[in-house]
2 protein chains.
Amino acid sequence: MHSVHFTAETSSNGVLERDFVVGEVPGVLWLPASGSDQAPLVLMGHGGGLHKKTPGLMARAHDTVTRWGYSVVAIDAPGHGDRPRTTEDEQARTDLRQTMAAGEIELFESISVRYSASLAERAVPEWQATLDALQRLPEIGAEAPIGYGGGMSLGTAIGIPLTAVEPRITAAIFGGGFFAHAALVEAARRITVPVQFLLPWDEEYVDRQSVLALFDAFASKDKTLLANPGTHRSMRWVGIDNEFLVRYLGRADTSPA
Amino acid sequence: MHSVHFTAETSSNGVLERDFVVGEVPGVLWLPASGSDQAPLVLMGHGGGLHKKTPGLMARAHDTVTRWGYSVVAIDAPGHGDRPRTTEDEQARTDLRQTMAAGEIELFESISVRYSASLAERAVPEWQATLDALQRLPEIGAEAPIGYGGGMSLGTAIGIPLTAVEPRITAAIFGGGFFAHAALVEAARRITVPVQFLLPWDEEYVDRQSVLALFDAFASKDKTLLANPGTHRSMRWVGIDNEFLVRYLGRADTSPA
């Protein structure tokens with residue numbers, strides 16, 4: 001059983017940022033500088049090719065900490081960020097780059113779907129081990145409500161199977177395109193917690209029907225599909241139900257800074 | 001040019017309710033009891049077969065007044081509520097009831113679409129005359145920002161052509177199903193103000209593709225599609241971006257009660 005080893009710490013604008021590793025998985029924890037005991041914990045995933053400190057993710061993490069007094073955690077997906085790449089990772093990246101450059105969209109999609117599924121298989125137990133370790137920290141604890149706070153595309157390809165098998169997650173935000181594969185739809189059928197699903201309306205190569213079928217599959221009584229103009233990289237997060245997580249995770253006991 | 005003639009007035013929970021007629025169109029105005037000078041004005045439409053004081057509409061109107069300090073107005077659609085029915089109205093109601101009872105869904109849909117379009121043709125100039133008259137009241141005034149605050153199905157079949165031709169409306173909420181007809185898509189193409197579109201995910205007879213095509217048609221840069229489980233009568237309004245109208249209409253100068 002791995003513990004959390006903190007490797008660095010910085011603080012800005014009321015947010016404490018603590019880098020860590022759990023086993024071989026590097027992660028980052030954002031906490032209210034004013035204290036975070038038992039505050040709800042939000043897991044954030046990054047997109048394909050990106051990493052745990054991608055600017056968009058950082059901005060959402062800071063917002064979540066300062067607005068709600070929550071803690072936020074992100075980890076690098078396998079083969080991403082500070083992690084070594086396997087031969088499979090290198091091959092997949094090369095194939096994705098080449099098929100995209102050549103405009104071979106169908107091939108790009110099938111590689112993307114297969115590679116995401118492979119990453120998710122590795123990432124789910126890593127998230128679970130990270131959660132186990134974080135819950136043994138006094139500043140998190142075993143009682144803090146836990147939500148999956150989103151992340152487009154890869155963050156969702158990992159988040160859906162994670163939420164399907166992880167009873168500690170009690171609400172989840174997903175989003176993006178490229179979700180046609182049957183395993184993901186199967187995982188969605190096992191999810192019963194409240195779900196908010198963000199659909200970038202103008203995703204260039206998205207198969208909207210497959211996203212709608214995925215949304216259909218969630219067994220959650222409370223689920224919301226939300227579409228905005230833009231792609232998953234350019235979409236402005238307007239019209240988002242900012243209180244979604246608060247409804248299900250509750251407020252932090254300590255007021256945010 | 002018609003004026004507003006007030007016919008009744010009641011007050012409860014900080015909300016003043018004033019019935020009126022403009023010409024032959026009966027309406028109701030909900031105002032903050034604490035004062036409403038130049039507060040943003042929200043137009044609300046009712047669903048097919050319903051009327052201006054339907055409980056769901058009343059609840060949303062009260063919420064809008066007490067939460068934001070806004071004024072809200074609703075009018076009866078032609079042939080609805082307190083208004084006389086023409087032969088066409090009676091025939092359409094009979095046809096809709098009979099086709100539904102017989103399970104002739106395609107026929108029901110085509111009658112519904114045709115009748116809604118006819119109602120919208122009559123209702124748009126009625127809404128405009130009502131607005132003209134309301135803006136001459138000191139408690140509303142010509143400067144108050146105006147939004148279309150929604151109403152499923154018929155409220156949207158009227159609201160879309162109204163918003164397309166009415167420059168005073170600067171933000172709009174629409175929603176529901178049954179929207180396949182070309183004239184509505186054409187009207188949507190002329191709308192450039194921010195739009196929030198609510199889609200009841202389990203609408204029994206809704207053609208989702210036609211709703212998505214309608215959403216596509218809005219020329220608005222800022223538009224959000226939001227789907228929740230349920231039909232347009234049973235859908236719980238969760239995940240709604242409650243601050244949507246406030247972002248575009250601003251806050252009332254006078255604080256709500």
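Two residues count as in contact here if their C-beta atoms, placed from the backbone, lie within 7 Å. Keep that cut-off in mind for what follows. The model is predicted.

Ser116(A), Leu119(A), Ala120(A), Ala123(A), Val124(A) and Trp127(A) of H3(A) meet Leu154(A), Ala157(A), Ile158(A), Pro161(A), Leu162(A) and Val165(A) of H4(A). By class, that contact has 11 nonpolar residues, one polar and no charged. H3(A) spans residues 105–135 and H4(A) spans residues 154–165. Their axes lie 9 Å apart and pack at an angle of about 50°. The crossing of H3(A) past H4(A) is right-handed.

Stay in chain A for the next pair. Helix H5(A) covers residues 182–189, and helix H6(A) covers residues 208–217. Their axes come within 7 Å and cross at roughly 30°. That crossing makes H5(A) roughly parallel to H6(A). H5(A) brings Leu184(A), Val185(A), Ala188(A) and Arg189(A) to the contact. H6(A) answers with Ala213(A), Leu214(A) and Ala217(A). Six of these residues are nonpolar, none is polar and one is charged.

H2(B) runs over residues 87–101, and H3(B) over residues 105–135. The two axes come within 9 Å and cross at roughly 155°. Angles over 145 degrees count as roughly antiparallel. So H2(B) and H3(B) are roughly antiparallel to each other. H2(B) passes H3(B) in a left-handed crossing. On the H2(B) side, the contact residues are Glu88(B), Ala92(B), Asp95(B), Leu96(B), Thr99(B) and Met100(B). On the H3(B) side, they are Leu107(B), Phe108(B), Ile111(B), Ser112(B), Tyr115(B) and Ser118(B). This contact divides into seven nonpolar, three polar and two charged residues.

Next, how do the two chains relate? Chain B can be laid on chain A with an RMSD of 0.0 Å. The same surface serves both copies, and 100% of the contact residues of chain B recur in chain A. Which residue of chain B comes closest to the rotation axis? Leu226(B) does, with its C-alpha at 2.2 Å.

The contact between the chains takes 15 residues from chain B and 15 residues from chain A. On the chain B side, strand S9(B), residues 223–228, gives the most, with six residues. By class, that side of chain B has seven nonpolar, four polar and four charged residues.

Three bridges join S9(A), residues 223–228, to S9(B). The two strands run antiparallel. Within this pairing, Leu225(A) stands opposite Ala227(B).

Definitions and conventions:
Residues are numbered from 1 along each chain as its sequence is written. Chains are lettered from A and ligands numbered from 1 in the order in which they are written. This is a predicted model: local features need pLDDT of at least 70, side-chain atom pairs count only at pLDDT 80 or more; totals for chains, interfaces and linings use all residues. Copies are superposed by least squares on the C-alpha atoms of residues with pLDDT of at least 70 in both. Helices (H or I, at least four residues) and strands (E, at least two) are DSSP runs, numbered from the N terminus. Ala, Val, Leu, Ile, Met, Phe, Trp, Tyr, Cys and Pro count as nonpolar, Asp, Glu, Lys and Arg as charged, and the others, Gly among them, as polar. Two strands pair if DSSP finds at least two bridges between them. Axes are lines fitted to C-alpha atoms, for helices over the stretch in contact, and angles run from 0 to 180 degrees between N-to-C directions. Angles under 35 degrees count as roughly parallel, over 145 as roughly antiparallel, 65 to 115 as roughly perpendicular and the rest as oblique. A crossing is left-handed if the near helix is turned anticlockwise from the far one by less than a right angle, and right-handed if clockwise.
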